[in-house]
Amino acid sequence: MQITEKQLAQVNDRIKALIKSNSFYGKKLEEAGITEVNSYEEFLKLPFSEKKDLRDAYPLGLMTAPEEEIVRIHSSSGTTGTPVIIPYTQKDVDDWSEMFRRCYEVAGITNMDRIHITPGYGLWTAGIGFQLGCEKLGAMAIPMGPGNTDKQLEMMQSLKSTVLCSTSSYALLLAEEIEKRGIKDKIHLKKGVIGSERWSEKMRRNISEKLGIELYDIYGLTEIYGPGIGINCEHNTGMHIWDDYLYLEIIDPVTGQPVPDGEEGEIVITTLVKEGAPLIRYRTHDLSRIIPGKCPCGRSYPRIDTIKGRTDDMMKIKGVNVFPSQIEEILGQFEEISSEYQIRISHLDGKDTMRIYVETNGSVDFAGLAKRIAEKVKSSIGFTPLVKVVEIGVLPRSMKKTARVIDERYD
Ligand code: ZN
């Protein structure tokens with residue numbers, strides 16, 4: 001997707017601000033002798049930014065606006081190492097809330113909705129982002145945060161929540177709990193806005209059917225405002241991305257070159273108007289593709305496909321490169337198993353081994369099913385995994401993100 005004249009002018013404005021502030025990236029651009037870009041070709045020569053750079057800028061090296069204009073920071077929840085700190089100006093917060101309001105609007109949510117927010121509040125951008133957009137829309141926020149399923153269900157019934165915001169893992173957990181307790185007729189949910197992790201089509205169907213709601217996939221990352229930078233519309237043909245705030249590229253993760261629209265690659269984002277911490281060509285490591293053509297809804301915002309995984313999710317098994325999403329797609333073809341699965345990779349007797357755990361109910365022949373799944377993986381990907389079939393409900397459910405791939409080779 002070529003950059004427009006207007007976007008190019010916005011990028012130049014951000015380059016000027018970065019250099020003027022002498023911030024982390026300002027210095028980098030200055031060292032590289034870059035003061036502006038005048039064409040798409042020149043834009044492609046701009047260096048990428050990486051999570052590692054952001055860590056190197058800890059604590060406030062990314063701050064590009066004057067301190068008196070910074071109204072808050074957020075921090076990404078990195079499990080290892082130095083956190084990333086992103087400063088926001090009031091305009092950044094307003095822009096984020098407007099993007100998020102637009103997401104709710106595209107999902108058909110109005111100021112008469114009651115929005116039940118289960119993502120966490122704190123340093124990270126999750127809960128607070130859902131809340132910002134909700135208040136901007138004029139809907140009623142129910143700021144639950146995560147955990148305490150009893151309380152969640154109680155509030156959901158008393159307050160007649162109509163929209164559930166959560167991770168897909170927690171939505172599944174709540175859906176199963178509602179089914180188990182037989183309280184579905186007391187629940188008033190109509191829609192779910194689901195963010196922050198990759199989920200399969202099967203899981204989406206499962207949650208949607210159990211709760212009887214329409215589901216919307218929301219996209220975002222802390223480094224780039226937070227959740228709310230794009231969402232799918234009622235046609236469910238990919239997520240619209242707000243290109244008046246962001247410029248999005250898909251690149252080949254190995255060569256760094258842009259790939260043609262429609263082809264899969266890594267999402268790279270440039271913020272066009274962000275003041276607190278503008279980012280130029282930030283490598284998200286999320287894998288997706290631009291969906292070519294126009295959406296039937298008529299909106300002209302570009303679309304990306306559901307996130308397929310992360311470039312760093314790739315596993316190498318017996319010399320074959322595999323993404324968890326490939327296994328997930330195969331499992332999706334077996335009607336008799338649930339949407340939950342677990343992949344364990346270990347190193348046994350000098351060989352890499354993949355074990356896949358799946359769930360089904362007691363009426364299915366476990367051994368026969370395991371054999372069919374193993375054969376399907378062999379024929380589609382090229383190696384034979386060990387498949388273990390267990391009863392539905394045995395695999396772990398989670399309130400946040402469910403760890404579905406466990407690599408035991410380096411323990
Ligand atoms: Zn659309």
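Student: What is the bridge partner of Ile-251 in strand 11?

Tutor: That's Glu-266. Bear in mind that this is a predicted model, where local features need pLDDT of at least 70, side-chain atom pairs count only at pLDDT 80 or more, and totals for chains, interfaces and linings use all residues. Residues are numbered from 1 along each chain as its sequence is written, and side-chain values use heavy atoms, with hydrogens and water left out.

Student: What makes strand 10 and strand 11 a pair?

Tutor: Strands and helices are DSSP runs numbered from the N terminus (E, at least two residues, for strands; H or I, at least four, for helices). Two strands pair if DSSP finds at least two bridges between them. Strand 10 (residues 246-251) and strand 11 (residues 264-271) have six, in the antiparallel sense, so they pass.

Student: How do you know whether His-285 counts as buried or exposed?

Tutor: Its relative accessibility is 18%, so His-285 counts as buried. His-285 sits in strand 12 (residues 282-291).

Student: What makes the link between the side chains of His-285 and Thr-311 a polar contact?

Tutor: The rule asks for a pair of N or O atoms within 3.5 Å; within protein, one must be able to donate a hydrogen and the other to accept it, and residues adjacent in sequence count only if both atoms are side-chain atoms. Here the distance is 2.7 Å, so the pair is inside the cut-off.

Student: Which residues does His-285 touch, not counting those up to four places away in sequence?

Tutor: Contact means heavy atoms within 4.5 Å. The list includes Glu-50, Gly-309 and Asp-312, and also Glu-266, the bridge partner of Ile-251.

Student: How do strand 18 and strand 19 run, and how many bridges join them?

Tutor: They run parallel, with six bridges between strand 18 (residues 351-360) and strand 19; Glu-359, for one, partners Val-390 in strand 19.

Student: In what order do the strands of that open sheet come?

Tutor: The order is 19-18-17-20, with mixed pairing. Strand 19 (386-391) and strand 20 (405-407) are the edge strands, because each pairs on one side only.

Key: Buried < 20%, exposed > 50% of the residue type's maximum accessible area, 1.4 Å probe, protein only.
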